[in-house]
Amino acid sequence: MDAPVEAGPVVAPRQQRDRVIPLRKSDIIDGLVAEGRFDEGEQEKFTQLARMLGAILHFEYAAELDRLRETYFYFDPEVDPREFGLAKDLSEPYRQLSDEFIRILTDANFVEVSHEEITKAFAERARVRVKIKAPIEDYRDVRMFRRGSHMETIEIPAWFGLRKRPLEVKVYDDVVLMVATKPDDMSSDETRKALSSARSGGQKVRSGAVLFKYFRHIARADLKALFPNVRVVRSLLDHLMLGVPAILGGVPILIKLASTLTVLFLVAGFYLGLSGTMQDRDMEQALAALSGILALGAFLLRQWGNFHRQSLIHQKQVTDNVYYRNVNNNAGIFTYLIGEAEDQDWKEVLLAYYGLLIEAGPVTRDVLDARIEALLARVIGVTADFDVDHALSRLRQFDLVIETDGSLTAVPLADALRRLDRAWKGLLGTATT
């Protein structure tokens with residue numbers, strides 16, 4: 001190989017979180033080739049290796065997509081359970097679905113949101129300005145996964161809405177929610193009633209179903225709003241804002257009504273023949289009492305309308321925040337996640353192989369990890385926590401790395417192409433047999 005060329009101007013790395021590498025494949029190849037480590041012939045071989053690696057991974061992940069869809073058939077809320085038999089034991093298929101789905105998310109560089117992180121998120125100032133309650137106990141399993149994050153500055157009301165002040169919040173780039181409803185043998189009467197109510201409202205939810213939801217750009221404090229069947233709960237401030245005006249407006253009406261209510265009964269008794277006399281003044285007071293009753297009824301109706309109007313406003317805030325950030329649901333997200341897993345896998349393997357290939361001699365795992373992270377920042381402008389262990393396991397699978405006493409060396413390009421070609425033909429042979 002030729003000696004490396006003079007490095008160009010340093011690219012300021014953009015902020016990147018977790019292990020995700022947010023670049024196109026062409027950007028990766030162009031950036032590595034532009035570093036100048038290869039001559040013209042080696043550039044062609046390296047590009048060919050990248051294409052062969054992509055073809056092999058695409059073939060493997062296509063098979064995983066088929067397995068995922070096959071297993072999900074039993075838990076798809078759109079599928080009538082009578083199609084596969086109500087008495088079928090789904091414990092093992094559920095475990096397979098859960099394990100496969102989580103493995104795909106891991107390959108796509110998602111990480112599970114821990115209970116501690118969710119608890120911390122619930123305590124933060126949310127972008128959804130309402131108090132909500134998520135009945136997690138009604139479900140068999142609820143798990144949440146995230147990938148990537150950044151900080152955003154939002155404006156929140158202050159001084160009872162008269163002013164606004166900026167607040168910096170953490171926003172997750174991608175969030176995936178997995179929710180499993182309880183089977184009939186695990187569901188309580190309350191849970192079955194809730195699910196039945198959901199079905200009557202047009203939602204395709206049944207006992208034993210598994211729901212997948214994929215969101216983008218969700219503030220960490222709003223994670224609770226993503227849970228299924230989330231309910232808006234009025235805070236103490238909401239009750240005070242509705243209750244205090246009701247008391248202040250209703251008390252004068254009640255006082256006025258109490259002073260004339262006796263006369264109203266007296267007039268009613270006269271017309272019913274229960275009392276013998278009635279004066280003109282009594283009729284005037286009775287009409288005043290009747291007007292007071294009508295005013296009280298109108299006041300109660302107005303307060304009831306305000307109560308429901310506030311509920312709708314709160315529910316709209318939750319709906320707007322979730323609806324416009326929901327990308328896909330259920331089986332629809334499988335293709336996207338498989339594609340993301342394949343994409344991230346390809347980038348990690350290619351970068352690990354390139355990192356070993358340009359080294360003058362054998363290196364350790366830790367050195368390789370540090371070199372690739374520095375390479376990403378220097379050449380491509382990305383700061384990432386490189387998953388070196390996963391990349392090395394793939395290199396071992398394709399027989400592209402030589403290990404000696406803990407030291408790692410890349411298989412030469414020409415030999416690597418032959419080994420990938422052998423692996424590709426092996427896959428095609430397996431597919432045709």
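Colleague: How are helix 1 and helix 2 oriented to each other, roughly parallel or roughly antiparallel?

Modeller: Helix 1 spans residues 25-34 and helix 2 spans residues 40-72, and their axes lie 11 Å apart. The two pack at an angle of about 155°. Angles over 145 degrees count as roughly antiparallel. Helix 1 and helix 2 are therefore roughly antiparallel.

Colleague: Which residues in helix 2 are met by I29, L32 and V33 in helix 1, and how many residues of the contact are nonpolar?

Modeller: I29, L32 and V33 of helix 1 meet Q43, F46, T47 and A50 of helix 2. By class, this contact has no charged residues and two polar ones, and its nonpolar residues number five.

Colleague: Is E100 buried or exposed?

Modeller: E100 belongs to helix 3, residues 91-107. Apart from neighbours within four places in sequence, E100 is in contact with E64, R67 and L68. The relative accessibility of E100 is 15%, and the cut-off for burial is under 20%. E100 therefore counts as buried.

Colleague: Where does R206 lie, and is this residue buried or exposed?

Modeller: R206 is found in the loop between helix 5 (189-200) and strand 5 (210-219). The relative accessible area of R206 is 10%, and buried means under 20%. R206 is therefore buried.

Colleague: What distance separates the C-alpha atoms of R206 and P183?

Modeller: Along the chain, R206 and P183 are 23 residues apart. In the predicted model, the separation of their C-alpha atoms is 8.5 Å.

How values were computed. Residues are numbered from 1 along each chain as its sequence is written. This is a predicted model: local features need pLDDT of at least 70, side-chain atom pairs count only at pLDDT 80 or more; totals for chains, interfaces and linings use all residues. Side-chain values use heavy atoms; hydrogens and water are left out. Helices (H or I, at least four residues) and strands (E, at least two) are DSSP runs, numbered from the N terminus. Buried means under 20% relative accessible area, exposed over 50%, partly exposed in between (1.4 Å probe, protein chains only). Contact means heavy atoms within 4.5 Å. Axes are lines fitted to C-alpha atoms, for helices over the stretch in contact, and angles run from 0 to 180 degrees between N-to-C directions. Angles under 35 degrees count as roughly parallel, over 145 as roughly antiparallel, 65 to 115 as roughly perpendicular and the rest as oblique. Ala, Val, Leu, Ile, Met, Phe, Trp, Tyr, Cys and Pro count as nonpolar, Asp, Glu, Lys and Arg as charged, and the others, Gly among them, as polar.
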